[in-house]
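Welcome! Take a moment to look over the sequence and the structure, and then we can walk through some of the details together.

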Amino acid sequence: MNAETPGSRRSAWTSYHYARICCTPAARNTKREASTTSQWQPADIAVLETLRVLVNAGNEVYGSDSHWIERRYSATPGSQ
């Protein structure tokens, strides 16, 4: 039997990572935005680092813990 490993080309272990920024309703109201979340987007290390910078900036302006990153995993691409 030929088992696939996480590093193989067609791995059964592949998962797809998505992330978005969330904020408290109070921060949303102050910013006059319609939602407390951004759109889900495919997340690699570079995207997560960008989101961390944005969250840190939001927390500086709107208060500690007003913004955070929500992460999600999927077994299939595009199933956000």
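## A first stop in the loop

Thr 36 is partly exposed, because its relative accessible area of 24% falls between the limit of under 20% for buried and over 50% for exposed. Please keep in mind as we go that this is a predicted model. You can find Thr 36 in the loop that runs between helix H1 (25–31) and strand S2 (41–42). Which residues does Thr 36 touch, not counting residues up to four places away in sequence? They are Ile 21, Cys 22, Cys 23, Thr 24, Pro 25 and Arg 28. With Ile 21, Thr 36 has a separation of 15 residues in sequence, and the two C-alpha atoms are 8.3 Å apart in space.

## The sheet and its helix

Next, let us turn to the strands. An open sheet is built from 3 strands in the order S2-S1-S3, and the pairing is antiparallel. S2 and strand S3 (67–74) stand at the edges with a single partner strand each, so one side of each has no neighbour in the sheet. Between S1 and S3, the antiparallel pairing runs over 8 bridges. If you look for Cys 23, its bridge partner in S3 is His 67. Helix H2 (residues 45–62) packs on this sheet and touches S1, S2 and S3. The direction of H2 makes about 150 degrees with that of S3.

## Arg 20, a residue in strand S1

Strand S1 (residues 16–23) is where you will find Arg 20. Is Arg 20 buried or exposed? Arg 20 counts as buried, because its relative accessibility is 17% and the cut-off for buried is under 20%. Its side chain makes a polar contact of 2.7 Å with the side chain of Glu 70. Leaving aside neighbours within four places in sequence, the residues in contact with Arg 20 are Thr 37, Ser 38, Gln 39, Trp 40, Leu 51, Trp 68, Ile 69 and Glu 70.

## Charges and rings

| Charged end | Ring | Distance from ring centre |
|---|---|---|
| Lys 31 | Tyr 62 | 5.6 Å |
| Arg 72 | Trp 40 | 5.0 Å |

How many aromatic pairs does the structure hold? The number is 0.

Conventions
Residues are numbered from 1 along each chain as its sequence is written. This is a predicted model: local features need pLDDT of at least 70, side-chain atom pairs count only at pLDDT 80 or more; totals for chains, interfaces and linings use all residues. Side-chain values use heavy atoms; hydrogens and water are left out. Rings of Phe, Tyr and Trp (its six-membered ring) pair if their centres lie within 6.5 Å; planes under 30 degrees apart count as stacked, over 60 as edge-to-face and the rest as tilted. A charge sits over a ring if NZ of Lys or CZ of Arg is within 6 Å of the ring centre and within 35 degrees of the ring normal. Helices (H or I, at least four residues) and strands (E, at least two) are DSSP runs, numbered from the N terminus. Buried means under 20% relative accessible area, exposed over 50%, partly exposed in between (1.4 Å probe, protein chains only). A polar contact is a pair of N or O atoms within 3.5 Å; within protein, one must be able to donate a hydrogen and the other to accept it, and residues adjacent in sequence count only if both atoms are side-chain atoms. Contact means heavy atoms within 4.5 Å. Two strands pair if DSSP finds at least two bridges between them. Axes are lines fitted to C-alpha atoms, for helices over the stretch in contact, and angles run from 0 to 180 degrees between N-to-C directions.
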